[in-house]
Amino acid sequence: MKSWPITLATEKKLKPAPDHLGFGKYFTDHMLLMDYTDGLGWHDLRIVPYGPLALDPSAMVLHYGQEVFEGMKAYRTPQGKIALFRPEMNLRRMNESCARMSMPQVDAEEVLEGIRQLIELEKDWVPEGEGNSLYIRPFMIATEAGLGVRAASEYQLIVILSPVGAYYSEGIHPVRIYVEDQYVRAVRGGTGEAKTSGNYAAGIKAQEVAKEFGFSQVLWLDGIENRYVEEVGSMNVFFKIGDEVVTPELNGSILAGITRNSVISLLEDWGIPVKQRRISVSELFEAHEAGTLREAFGTGTAAVISPIGSMQWEGREIEICGGQTGELSKRLYDTLTGVQRGDQEDPRGWRYTVCEA
């Protein structure tokens with residue numbers, strides 16, 4: 001395995017108590033950096049002390065938003081290992097985001113090995129405790145100084161690590177969601193399928209409005225007809241209608257989630273019919289009226305499975321699965337978290353061992 005220069009931090013940070021972690025509040029002692037220059041390609045991968053980045057005020061990322069990122073987690077397993085969950089898919093998706101944003105792609109194997117060495121260096125930061133993990137945030141920014149509107153010629157890849165607490169501090173529970181029919185997150189042909197910061201900035205306003213009315217998440221509709229379900233918050237979404245599970249098909253404006261892909265694979269293995277297709281919000285309300293809307297849940301790295309207990313659209317709110325966590329949602333959550341943490345067998349080879357804990 002190739003190794004790269006490591007500069008150790010001279011002062012170590014005080015690690016937070018596991019029960020006060022929250023999300024993205026604390027960061028480890030070191031980070032990974034790599035630079036890109038046109039004509040030279042990617043170079044100088046290194047691990048250095050965590051600290052501020054030096055950016056010119058005219059750095060193109062600050063003006064034209066060339067930025068992509070990913071999110072994954074490292075877990076402690078009962079076997080005394082530190083493990084990741086399908087990291088190769090995150091790096092594949094990062095390269096797809098780069099292609100959409102006219103940014104240089106990375107050598108996925110090289111970056112994964114760099115991340116592995118960074119986590120091995122920081123393994124003491126992987127928190128103990130049920131549901132706790134070390135969040136990994138790789139991101140890429142355009143660093144070239146200049147105000148011309150074009151793809152930059154210089155970039156930097158950065159990976160930072162943050163110990164995070166359990167998403168459900170008191171156990172998995174359903175959330176209320178608001179069907180957003182005014183603001184738009186993305187449209188086909190836009191950047192919705194890329195994991196880029198602008199997509200998330202575009203969703204903040206609607207999320208604030210929803211929270212003012214007591215809702216936890218926003219259910220996004222398509223930006224053309226304003227009828228078809230796309231995502232819930234920053235997660236993919238699934239519905240169990242009758243004995244079949246349906247999820248919006250990937251159409252160019254929906255992020256291809258790794259948890260989404262994993263859920264589809266599990267459902268197929270279990271013999272549960274699952275279809276990827278267009279789903280109108282009116283179809284969901286009609287299914288509820290007919291008594292066939294059994295469950296609904298979001299999927300993503302942070303929550304894994306987020307059950308939906310109720311949904312409001314055009315002033316009407318419906319309760320799903322009696323406002324409780326459904327049997328299928330719970331089974332998926334237990335299976336995925338069990339594989340991630342090493343509590344269950346991993347027949348598909350999804351768990352990636354980083355090092356000894």
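Me: How many helices and strands does the chain have?
Reply: This is a predicted model: local features need pLDDT of at least 70, side-chain atom pairs count only at pLDDT 80 or more, and totals for chains, interfaces and linings use all residues. Numbering runs from 1 along each chain as its sequence is written, and side-chain values use heavy atoms, leaving out hydrogens and water. Going by DSSP runs (helices H or I, at least four residues; strands E, at least two; numbered from the N terminus), the chain comes to eight helices and 17 strands.

Me: What's the radius of gyration of the chain?
Reply: The globule rule (2.2 Å times the number of residues to the power 0.38, with the radius taken over C-alpha atoms) gives 21 Å for 357 residues. The chain comes close to that, so it is as compact as a globular protein of that length, with a radius of gyration of 21 Å.

Me: How much space lies in the largest pocket?
Reply: A pocket is an open set of points on a 1 Å grid over the protein atoms alone, with protein on both sides within 12 Å along at least five of seven lines; a 1.4 Å probe fits at the points, and lining residues have an atom within 4 Å of one. Points join across faces, edges and corners, and volume is the space filled by probe spheres set on them. For the largest pocket that's about 910 Å³.

Me: Which element gives the largest share of that pocket's lining?
Reply: The lining has 33 residues, with K195, Y200, G233, S234 and M235 nearest the centre. Elements supplying at least two residues each include β6 (133–142) and α6 (258–269). The largest share, four residues, comes from α5.
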